[in-house]
Amino acid sequence: MGTLARLSWLELKLFLREPLTVVFSLALPLIILFVLGGVFGNEPSRPGEQLVYRGVGAMDYYVPAYLSLVVASVCVMSIPTHLAGNRERGVLKRFHASSVGALAVAGAEVVVAFVLSTVSAVLLLVAAALVYDFDRPDSVLGVIGGFVFVTVGFAAFGILLGSVLPTARAAQAVGMVIWFVMLFLGGAGPPPEVLTGAMQTMLDLTPLWHAVKVMQDVWLGLDPGLSWLVFAGIAVVSATLGVYFFRWE
Amino acid sequence: MTPVVEVEHLEKRYGSFVAVEDVSFTVDAGEIFGILGPNGSGKTTTVECLQGLRRADGGRLSVLGHDPRREAERLRRRIGSQLQESALPERLKVSEALSFFSSLSPSGTDWETVMEQWGLAEKRSATFASLSGGQQQRLFVALALVNEPELVFLDEMTTGLDPASRRVAWDLIRRIRDGGATVILVTHFMDEAENLCDRIAVIDDKRVVAVDTPTGLIDTYAPDAVVAFSTDETDLTFLERLDEVDAVERSGRHVSVTGSGALLAMVAAELVGHGLAPTDLRVERADLEDVFLQLTTREQ
Ligand SMILES: Nc1ncnc2c1ncn2[C@@H]1O[C@H](COP(=O)(O)OP(=O)(O)O)[C@@H](O)[C@H]1O
Ligand SMILES: [Mg+2]
């Protein structure tokens with residue numbers, strides 16, 4: 001077993017020892033589904049109305065969008081706080097002195113984010129299937145591939161935040177702000193068609209909106225648009241800057 | 001035999017602030033080499049440059065034959081580090097920490113033995129956050145040893161230990177050396193340096209001001225001894241005539257004679273020769289503390 005595998009396993013065990021975080025992580029997809037779904041997405045669109053939800057039913061729109069949203073939650077709120085906190089407390093320095101590489105540290109964040117996101121996603125899908133009626137995925141393999149793509153991309157974004165922000169407190173605050181902005185202006189909250197002017201510009205600037213479209217494209221079998229490229233670009237830029245800004249202490 | 005560590009004119013800046021200006025010394029295999037100096041004098045910066053954890057700005061460094069600036073990765077596998085400031089995840093257990101850090105060595109090592117030697121066996125399932133300061137400190141030293149290093153850096157390792165644990169730690173440090181490793185011990189405790197170290201570099205204000213054995217330092221920088229006794233005899237001019245004696249001071253019955261060399265023997269002989277035999281005759285030799293005060297000029 002390599003350092004990455006060992007460190008990932010260790011981090012997962014540590015995560016499970018934080019009962020509050022575990023409860024929050026498990027509750028989050030359900031809150032997203034039932035609270036957000038209750039506010040924005042219970043009504044099926046009727047013919048003749050303004051075209052919203054990219055022209056599909058509300059829940060068909062929201063279920064894949066929420067998959068991207070749970071990934072964003074894990075990567076934007078947990079990873080930066082964890083990474084910055086470990087640097088602030090001197091944990092990273094301890095790892096560094098014992099030859100744990102930066103790739104192992106970052107890789108373990110990605111693995112943990114992937115596991116948490118997957119658990120959240122499965123929970124969300126099961127709960128959604130029990131309560132709502134929505135289209136089954138156009139291609140299960142496509143959905144899995146899209147999910148991995150979105151998770152790795154968002155994890156890179158989270159690692160960048162964790163590398164740039166000096167303290168756990170700063171990372172938590174900034175992560176929260178970004179998450180809320182993305183929640184309201186990232187296509188997983190109010191339908192994008194109702195956002196106007198500056199909000200529409202914000203929409204195009206949020207990584208979440210592109211991740212939402214990626215998941216919807218694979219779920220609904222839509223033609224893949226530019227969002228794939230944009231999101232891949234965000235991921236590559238984040239990873240590059242993350243490497244540049246990464247500090248052990 | 002080539003030295004384990006060679007440092008020449010090490011220089012390190014943080015931005016425009018110079019933290020280490022001119023540090024040179026060599027460390028031989030099998031030594032316990034002390035780096036002694038007041039807080040802020042640049043000790044930690046020096047050893048972190050040697051471990052490749054910080055990048056030296058100037059000077060020539062060689063550690064186990066590696067240049068820490070270019071071969072930090074290879075170097076770090078051969079050394080053990082106890083850092084002055086570091087931490088572990090709060091909920092990580094002692095046994096998990098040791099087995100994880102042990103697994104980083106290609107061969108894997110016997111971390112259970114290290115755990116027992118450092119008195120952590122009964123804490124094996126305790127989390128890092130639940131350990132006392134002294135236990136955390138011992139865990140860090142154990143982590144520094146778990147890769148079976150050839151050279152061990154200990155930075156203020158006994159800070160936070162109670163006096164009994166410090167003695168135990170000193171024995172264990174000697175055992176590290178007896179096991180064949182070289183030890184570089186950073187400390188600001190005089191007694192620790194004097195008791196443990198074969199040689200000491202005294203750092204003050206960003207530079208090395210002296211390198212020698214503890215007794216060598218004392219002989220050079222604080223050679224004076226003080227012989228003290230009590231007597232009713234008022235005429236002690238015969239003592240002042242001795243070569244070894246620099247000064248005789250008295251206050252009431254108490255006399256203190258300052259001098260160097262074989263002061264005690266000469267004073268004792270002279271006293272007996274004059275029919276005086278004080279029962280409280282004693283010598284107070286200078287220790288490293290006096291050397292330190294002599295060498296470190298800064299106001300504290
Ligand atoms: N990362 C850093 N950035 C800026 N200044 C630092 C940093 N680390 C140490 N210093 C400064 O460098 C000087 C030497 O510090 P240090 O090497 O830790 O001394 P010592 O270990 O002897 O107490 C101190 O004045 C300290 O404040
Ligand atoms: Mg220090």
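**Briefing: surface patches and helices in chains A and B**

At 53% relative accessibility, B:Ala164 counts as exposed, where exposed means over 50% relative accessible area, buried under 20% and partly exposed in between (1.4 Å probe, protein chains only). The model is predicted: local features need pLDDT of at least 70, side-chain atom pairs count only at pLDDT 80 or more, and totals for chains, interfaces and linings use all residues. Residues are numbered from 1 along each chain as its sequence is written, chains are lettered from A and ligands numbered from 1 in the order in which they are written, and side-chain values use heavy atoms, with hydrogens and water left out.

**Chain B overall**

- Chain B has 11 helices and 13 strands; helices (H or I, at least four residues) and strands (E, at least two) are DSSP runs, numbered from the N terminus.
- Of the 300 residues in chain B, 52% are buried.
- Taken along the principal axes, the C-alpha atoms of chain B fill a box of roughly 75 × 45 × 35 Å.

- B:Ala164 is placed in helix α6 (residues 163-178) of chain B.
- B:Ala164 and B:Ala193 are 29 residues apart along the chain, and their C-alpha atoms are separated by 17 Å.
- Helix α10 (residues 263-273) of chain B has B:Leu263, B:Val267 and B:Leu271 as buried residues.
- These three cover an arc of only 50 degrees around the axis, which puts them on the same side of α10(B); the arc is that of the directions from the helix axis to the C-beta atoms.
- An α-helix has 3.6 residues a turn, so residues three or four places apart point the same way.
- The exposed residues B:Val272 and B:Gly273 are on the face of α10(B) turned away from its buried side.

**Surface patches**

- Patches are made of residues with over 30% relative accessible area and no salt bridge, with like charges joined within 9 Å and nonpolar side chains (Val, Leu, Ile, Met, Phe, Trp, Tyr) within 5 Å; a salt bridge is a side-chain nitrogen of Lys or Arg within 4 Å of a carboxyl oxygen of Asp or Glu.
- B:Glu194, B:Asp287, B:Glu289 and B:Asp290 form a negative surface patch.
- B:Glu194 belongs to helix α7 (residues 190-196) of chain B and counts as partly exposed, at 31% relative accessibility.
- A nonpolar surface patch of about 870 Å² includes A:Leu4, A:Leu26 and A:Phe114.
- Helices α5 (102-131) and α6 (140-164) of chain A each supply at least two residues of the nonpolar patch, and α6(A) gives the largest share, five residues.
- A:Phe114 sits in helix α5 of chain A and is partly exposed, with a relative accessible area of 31%.

Definitions and conventions
Accessible areas come from the Shrake-Rupley method with a 1.4 Å probe; for residues, only the protein chains shown count as cover. Lys and Arg count as positive and Asp and Glu as negative; His and the chain ends are not counted. The place of a charge is taken as NZ of Lys, CZ of Arg, CG of Asp or CD of Glu.
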